[in-house]
Each structure stands twice: as C-alpha cells, then as structure tokens.
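Please walk through the structure shown below, taking its surface and its charged contacts in turn.

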Amino acid sequence: MTDALLTGANASTDVPLKRRLRRAERTRQVKALALVLPLLVFLLFTFAGPIAGMLWRAIDDREVRQALPQTVAALASWDGKDLPDEKAYAALASDIVAARAAGTIAIAAKRLNYALNGFRTILTSTARNLKTVPEPGTAKETLGKINPAWRERTTWTTIKDAGGPVTGFYLLAALDLTRNVDGAIVAAPPDQAIYRDVFARTFLISLGVTALCLILGFPVAYLLATLPPGRSNLLMIFVLLPFWTSLLVRTCAWIVLLQSNGVVNDSLHWLGIIDAPLRLIYNRFGVCVAMTHVLLPFMILPLYSSMKAISPAYMRAAASLGAPPLTAFLRIYLPQTLPGIGAGSLLVFILALGYYITPALVGGAADQMISYFIALYTTETANWGLASALGAVLLLATILLALVYGKLVQGQQVTGGMKN
Amino acid sequence: MSDNPSLRTPSQRIAWTATIVISTLVFIFLIAPILAIMPLSFSSGSYLTYPLPGLSLRWYDDFINSPRWMNSLKNSMIIGVASTLLSMVLGTLAALGLAQWKSRFKPLVLAFVLSPVVVPGVITAVGLYFFFAPIGLTGSYVGLILAHTALATPFVVITVGATLQSFDTNLARAAASLGASPLEAFRRVILPLILPGLASGALFAFATSFDEVVIVLFMAGPEQRTLPREMFSGIRENISPTITAAAVILTTVSVILLATLEGLRRRNERLKGGG
C-alpha cells in the first residue's frame with residue numbers, strides 16, 4: 001500500500017511527500033480503529049457495563065433513603081453522640097406510616113437487618129403498632145413505648161449509616177469488618193464473620209490445585225517437549241481431549257468414579273485394600289481431584305511451549321563441561337522453564353480462584369469457594385450488595401494476578417479454551 | 001531420540017524412565033474418567049456401576065424421546081451457532097483492525113478485548129443478571145446469545161489475529177497492483193488464506209458457547225436451558241444413565257471439534273512448509 005502511495009506522491013509535487021504519507025497513515029489508522037470499534041461497543045454493553053454495574057451495586061445504598069426519606073434528611077445533621085432529637089423521631093414516625101402504605105417498609109427493613117440483626121422485627125412491629133402519625137412533640141415517647149429499641153443509639157446510627165446514597169458497608173462486610181456505634185471500623189460479630197475464611201479457603205484450594213497441576217504437569221510437558229514430534233503429537237491427544245471435553249462431562253465422570261459404589265471404591269475393595277467404601281467425593285478431596293483434572297491442560301500447554309523453546313545444546317554443553325545430570329537439570333534446564341512455570345501456575349491459579357461449577361457439584365458445604373457465595377447471594381437470598389462486594393474483591397484479585405500474568409507472558413500468545 | 005542426551009548414564013536412564021512412568025500415570029488420570037463414563041451409557045441397568053449387567057441403547061432412546069433433553073440440545077445448537085456467527089463478525093473485524101492499528105493504547109485495548117476470558121464466570125454472570133434483567137434480556141435467547149458472544153469473541157480475535165500475523169502482506173499488495181479493489185483483494189486473496197484461522201476461531205467460539213454453563217445458570221429461563229445446564233441439574237439431583245448418554249453425545253461433539261481443529265492445524269503447517 002505504501003508503494004502505491006509513493007508513486008502517487010511522485011506524480012504531484014505540490015504537497016510534500018511527508019505530509020501526504022502522514023495523512024494517508026492517519027486515514028489508515030482511523031479505518032483500523034473503525035474495524036475494532038464494533039467489538040468495543042459490543043463488549044461495553046455485554047461485559048464492561050454489566051461488571052461496572054455490579055461494582056456500583058457494591059457501594060449503592062438507596063433502599064433506606066427511598067423508604068425513609070425524611071428520617072435520613074433529619075439524621076444528616078445528627079452528630080451521633082446522644083439520641084437524636086424529637087424532629088428525627090417525628091420524621092421517622094411519618095416515614096414509617098407512609099412507607100407502610102406504599103409497601104416499601106420491607107425493603108428498608110431487609111437492608112437494615114443486614115447491618116443490625118433483628119432490625120426487621122423492630123421496624124415491622126413499629127409499623128404494625130403505629131396506626132397514625134403521632135401528635136407533634138410526642139413522637140419520641142410514642143416510638144419508645146412501641147419498641148424500646150428506639151431508645152438506643154445503635155438503632156439510630158444504623159439508620160444513619162444506611163442512609164446512603166453510597167456505602168462502604170458491603171465492602172467492609174465482605175472483609176468481615178463493620179462500623180461500630182461510634183463509626184469506627186471494627187471486626188464484625190463472629191456469627192457474620194465468615195468471608196475471610198471463605199477467601200482463605202478459596203486461596204488454599206486454588207493453591208493446592210495449582211501445586212498438584214505443576215507436580216503432575218511438569219514431567220508430562222517435559223516428555224512431550226523431548227520426544228520426537230511424531231510421537232509427542234500423538235501423546236498430545238491425551239492432553240487436548242480432556243481440554244476439549246465438556247466440563248460437565250468431566251465432573252460427572254469423577255462423580256461416577258469416586259462415589260461410594262463407584263469404580264475406584266469397588267476396585268480397592270476387590271483388591272482387598274479397604275473393607276468399607278471410602279468417602280472420596282462431596283468433600284475437599286473430590287474437589288481437588290476434579291479441579292486438578294480440569295485445570296491440568298492449562299498447566300501442561302504453557303510448560304510445553306516454554307520447554308519446546310529450550311535448545312538441547314545447553315544441556316549438552318553443561319554435560320561436556322562436567323556437570324552431573326542433576327546439577328545440569330537444576331542449574332541449566334529448570335531456570336529456563338521458569339517463565340513457563342510462572343505462566344502456567346498463574347493461569348491455573350486465576351482460573352481456580354473463580355471456579356464455581358466443579359466445587360458446587362462435587363464439594364460439600366465446607367468446600368464451597370467464593371463464587372458459590374456470590375451466586376448464593378445473587379439468586380437465593382437476593383443480598384445483591386454483598387454479592388457485588390464479594391464479586392468486587394474476587395475481581396480485584398483476578399485483575400492483579402492477570403496483570404502479573406500479562407507481564408510474564410509479554411506478548412506471547414494466550415492459550416485459548418479457558419472454561420469456567 | 002538418538003539426540004537425547006539423557007540416556008547416557010544409568011542415573012539419566014532412571015530419570016527418563018521415571019518421567020515416562022509418571023507421565024503415563026498422568027495420561028491415565030486425564031483420559032480414564034472420560035473413557036470410564038462412556039460404556040455406562042450403553043448399560044442395560046439403571047445403576048452407574050461396573051460390571052455392566054448387559055448392553056442396551058435404552059438410555060439413548062430415553063435421551064432422544066425426552067422433550068427436555070432434546071429441547072436442551074436444540075437450545076445449545078441455536079445459541080451456539082448464533083453466538084459463533086456474531087462473534088466471527090465482531091472478532092474478525094477487530095482482528096483485522098488490530099493488525100493494522102498502531103498506538104500505545106493497543107495493549108490496553110487488546111487486554112480489554114481479551115478480558116472476558118480471564119474474568120471469573122460468576123462475576124460476568126452476576127453483572128449480566130443485574131444488567132439484563134431490567135431490559136428484559138434475562139430468560140431470552142437474545143440475552144444468552146449476546147452473553148455467549150462476549151465470552152467467545154476473544155478466542156476469535158486470538159486465532160484470527162495469529163493467522164494474520166503469519167499472513168504475507170505482499171500478497172495483498174500484489175493483488176492491489178494487479179488492479180483489485182480492496183474489497184476484491186480481501187475476498188479473493190486475503191480471505192481464502194486466512195480461512196483456516198477463521199475456521200479455528202469459529203470452532204473455539206462454538207465450543208465456548210456449547211460448554212458454557214455459569215451464565216446459563218443465572219440467565220436462562222426454563223425455555224432456554226442448554227445441554228450443559230440440563231446436565232448440571234441432572235448431576236445435582238441424581239445422576240441417571242441418561243446423563244451419561246448426554247455426556248457421550250457432548251464428548252463426541254468435542255472430539256469432532258478437536259479433530260477438525262487438528263486437521264486445520266496440520267493443513268496450515270503443510271502449507272507453511274510448502275511455502
């Protein structure tokens with residue numbers, strides 16, 4: 001294309017060649033960008049937008065503000081030190097009567113109950129017993145009589161904290177943190193503090209699976225990289241076939257193999273190794289085995305391509321210089337596989353972190369990873385704020401690791417087919 | 001292997017033997033589960049145990065005569081084909097553009113385009129669930145096709161991009177110098193040459209959609225349940241031999257895809273070797 005431009009430029013000399021070239025290049029770039037644009041717009045709508053929306057939900061806090069607008073306004077000037085003044089009580093009483101009529105009281109009650117266990121009862125019992133808006137000056141007394149909780153500072157700080165429009169509440173909760181009555185960040189009560197354990201478990205399982213994949217994958221990748229192409233291509237089928245087989249098929253297969261009257265238990269029994277069937281599935285063991293099986297190709301393929309690039313001349317040189325095989329392996333070969341080890345391990349670890357299907361199907365209650373809780377809060381309990389906050393933490397971890405991965409492979413091709 | 005220096009001393013021979021033994025065990029670990037599940041689908045009994053009481057095709061019969069399973073297969077095909085077509089158009093255009101585009105923002109754009117692959121399925125699914133529900137796209141084919149397209153397109157961009165990298169741009173120039181319009185040069189010179197890359201991209205895209213289950217779990221209504229989604233609930237409730245029949249069907253599809261892809265790769269290598 002440049003050649004054509006050059007001949008064009010020779011024909012007319014009034015516009016400098018350089019400028020014409022630059023202009024042509026600019027048009028070319030604009031055209032190139034125009035080709036990418038449809039995909040960018042599409043992904044904005046089907047991917048980036050939805051994820052941004054999820055992140056927004058992690059801090060969005062409008063339920064209470066919408067149901068109890070006057071109360072939130074009245075509490076804005078409250079310093080939170082003593083009980084709020086009569087004005088706030090009157091606002092709350094009139095808000096409750098209005099919200100009950102509008103049917104929005106349950107939404108606010110649900111949100112407030114996340115922050116303070118039992119708040120739902122406080123609010124609904126008050127709404128039930130408060131027939132009309134109290135006379136001016138008596139709101140504080142009336143509400144206190146209906147439910148003594150209105151004489152407590154915590155009740156009011158909870159409403160003020162939930163007043164929105166944005167909150168750090170869900171993000172703090174995702175890290176087992178909460179704000180106390182004075183607004184300081186403290187550890188969440190033990191019955192609500194489960195997510196650090198979940199994150200630790202997710203990391204631990206992912207780390208274990210990554211280690212297993214590396215231990216099992218390294219010799220295989222070495223064999224495939226060392227054998228002559230004909231034979232290694234044939235053996236590659238053993239890696240690619242599982243890679244292409246549906247995740248559900250593989251998970252299903254492991255259940256069939258590992259169940260109490262499955263192939264593995266039957267064989268062990270027949271061999272006389274065990275008397276009673278072992279519990280091999282619906283526990284941590286089953287999760288690790290199935291996940292290792294699913295993710296092993298993601299380890300073998302990057303390891304293989306890094307090993308394939310190592311020239312055998314280095315090992316021969318090491319040997320000719322008198323290095324014993326083990327020394328040559330540890331000091332010459334292994335260091336050269338490190339980029340492959342890093343890429344494979346990071347890839348497996350990233351994929352393992354977000355895993356949902358396999359643990360959901362072969363894990364017990366104590367083996368569920370972070371994805372399970374995100375799904376649970378989205379579809380079952382509809383605690384969307386918390387689901388989004390947990391998602392935000394998982395996303396952050398994934399992005400950080402993916403950045404490291406990107407640095408590591410640096411322009412190398414990403415192996416495809418990542419399934420979740 | 002005559003060149004293999006690891007076969008000189010006894011210790012090297014031991015290490016090599018160990019590599020072969022361990023690798024064989026890992027190959028068995030990788031393949032055995034897939035092989036083990038197949039014969040069970042031909043069992044005449046209703047329990048998923050060996051030895052098989054006898055052979056029969058009753059579970060395939062069950063599968064074919066079940067409106068639930070057949071509907072899920074149909075849905076998988078509809079959604080798979082539609083999202084493949086859509087991702088081919090978007091992905092090929094983007095790959096063509098990215099191959100020519102020079103900018104310091106290119107790595108950033110590329111990272112964004114590829115990110116649906118890396119972001120955990122649950123996060124994409126939750127985001128889409130919140131985003132699509134208010135506009136009526138949950139519980140619809142359109143919503144699922146769009147979501148699967150987003151997941152599949154990165155693979156198209158990668159495979160087509162890789163083909164373009166090895167594409168000799170002189171050929172396009174030659175076409176232009178012989179008087180072909182850009183469109184004609186694309187249709188008659190570029191397209192036939194990058195066709196294997198496009199085909200691989202399409203296979204990747206189809207496989208991605210055909211195997212996807214997390215987004216379907218969140219977004220599909222009862223009408224749009226796909227084959228993996230049906231298997232998911234089947235495995236959760238009670239694994240019947242019909243599921244193993246479904247598994248065999250799914251695996252057969254995978255093998256066909258894999259074989260086609262391998263054929264394309266070989267053809268490509270042959271062509272490169274010839275040139």
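In which helix of chain A does Ile399(A) lie? In this predicted model, Ile399(A) belongs to helix α20, which spans residues 384-409 of chain A. Together with Leu396(A), Leu400(A) and Leu403(A), Ile399(A) makes a nonpolar surface patch of about 400 Å². Ile399(A) has a relative accessible area of 42% and is therefore classed as partly exposed.

Glu25(A) is partly exposed at 31% relative accessible area, while Lys102(B), at 55%, counts as exposed. Both residues also take part, with Arg28(A), in a network of salt bridges.

Within chain A, Asp367(A) and Arg284(A) meet in a salt bridge with an N to O distance of 2.9 Å. This pair links distant parts of the chain, 83 residues apart, with Asp367(A) in the loop between α18 (357-362) and α19 (370-380) and Arg284(A) in helix α15 (residues 284-308). Asp367(A) has a relative accessible area of 6% and is therefore buried, whereas Arg284(A), at 31%, is partly exposed.

In chain B, Arg188(B) and Glu184(B) form a salt bridge whose closest N and O atoms are 3.3 Å apart, and both residues lie in helix α8 (residues 182-211), four residues or about one turn apart. Arg188(B) counts as exposed at 56% relative accessibility, and Glu184(B) as partly exposed at 31%.

Terms used:
Residues numbered from 1 in each chain as written. Chains lettered and ligands numbered in written order. Predicted model: local features only at pLDDT ≥ 70, side-chain atom pairs only at ≥ 80, totals over all residues. Heavy atoms only, no water. Patch = residues over 30% accessible without salt bridge, like charges linked within 9 Å, V, L, I, M, F, W, Y side chains within 5 Å. Areas by Shrake-Rupley, 256 points an atom, 1.4 Å probe, with all protein chains shown as cover. Salt bridge = Lys/Arg side-chain N within 4 Å of Asp/Glu carboxyl O. Helix = DSSP H or I, 4+ residues; strand = E, 2+ residues; numbered from the N terminus. Buried < 20%, exposed > 50% of the residue type's maximum accessible area, 1.4 Å probe, protein only.
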